[in-house]
Amino acid sequence: MDYTKLSKEVSYALRHAPWEYELELNREGFVPIGQLINAINESGNYSRPITVEDLEHIIEISDKKRHEIQGDKIRALYGHSIPMHISKDLLVPPDILYHGTTHKTLDSILRAGLKPMGRQYVHLSIDTDTAVQVGKRRDIVPVILVIDAHKAHTDGISFYKGNDKVILADYVSAKYIKVK
Ligand code: HQG
């Protein structure tokens, strides 16, 4: 079983294109596991039909906690780009958060702030290691931004839970952002 391929397909279905799998996400982004399994198995893309144990396995072995199973439902914890708004739980952020990005986008971010771009939320990291990992997807030596989350939160900006390393926001104004 190609678990990397399966994890990517689950992310694609739950974050970006549930309609291609005839799935309807609830407001927290959950779908019935059985429906997701049936839809993936219809493609016949894997060496054998996938099972709920395979989905549990990709969550267990993944370096990032991307998906979550609750009872008979599964969801992506972050990353959504679908038009329907996924509701996330509010949290009080740590005082400082980080964001790893590219040199190319730095000027724009320092001018316009961090925007969700193609996704529903801005993705922030709880530590610099995570931010470096995020930024390295696009720049060999990423820029690490330091976010004054304490000040932003005090000013009334909402932060939401992604997973243990990822915190979400609707938008982060440039006034809370410094380059590390
Ligand atoms: C940038 C992955 C210009 C932003 C990761 C980023 C993460 C701006 C890009 C998760 C901008 C959007 C999300 C502005 C933001 N002007 N560029 N005003 N504001 N940007 O992929 O945070 O492996 O949508 O800096 O690890 O890179 O898929 O967001 O470079 O946790 O599970 O616009 O996706 O997780 O890129 O990554 P993305 P992201 P997975």
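Predicted model: local features only at pLDDT ≥ 70, side-chain atom pairs only at ≥ 80, totals over all residues.
Contact here means heavy atoms within 4.5 Å.

Begin by selecting helix H1, residues 3–16. At 1.5 Å a residue, its 14 residues should span 20 Å, and the end C-alpha atoms lie 19 Å apart, which agrees. At the start of H1, display Asp2: one of its side-chain oxygens comes within 3.3 Å of the backbone nitrogen of Thr4.

Next, colour the buried residues of H1, namely Leu6, Ser7, Glu9, Val10, Ser11, Ala13, Leu14 and Arg15. Which elements cover them? The cover includes strand S1 (31–32), helix H2 (33–43), helix H3 (52–61), strand S2 (67–70) and strand S3 (73–76).

Now select Leu6, Val10, Leu14, Leu36, Ile40 and Leu55, the residues with the most contacts inside the largest nonpolar core, which has 21 residues. H1, H2, H3 and S3 each give two or more residues to this core, and H2 supplies the largest share, five residues. Centre the view on Leu36: leaving out residues up to four places away in sequence, Leu36 touches Val10, Ala13, Leu14, Leu23, Val31, Leu55 and Ile74. Apart from this core lies another, of 17 residues, among them Leu97, Leu106, Ile147 and Tyr176. In soluble globular proteins, nonpolar side chains tend to be buried together.

Finally, move to Ala152 in helix H6 (residues 149–154). Is Ala152 buried or exposed? Ala152 is buried, because its relative accessible area is 1% and the limit for buried is under 20%. Beyond its neighbours within four places in sequence, Ala152 is in contact with Ile157, Phe159 and Tyr176. Pro93 is 59 residues away along the chain, with 9.5 Å between its C-alpha atom and that of Ala152.

Definitions and conventions. Residues numbered from 1 in each chain as written. Heavy atoms only, no water. Helix = DSSP H or I, 4+ residues; strand = E, 2+ residues; numbered from the N terminus. Expected span 1.5 Å × (residues − 1). Buried < 20%, exposed > 50% of the residue type's maximum accessible area, 1.4 Å probe, protein only. Polar contact = N/O pair within 3.5 Å; in protein donor to acceptor, adjacent residues only side chain to side chain. Core = buried A, V, L, I, M, F, W, Y, C linked by side-chain atoms within 4.5 Å.
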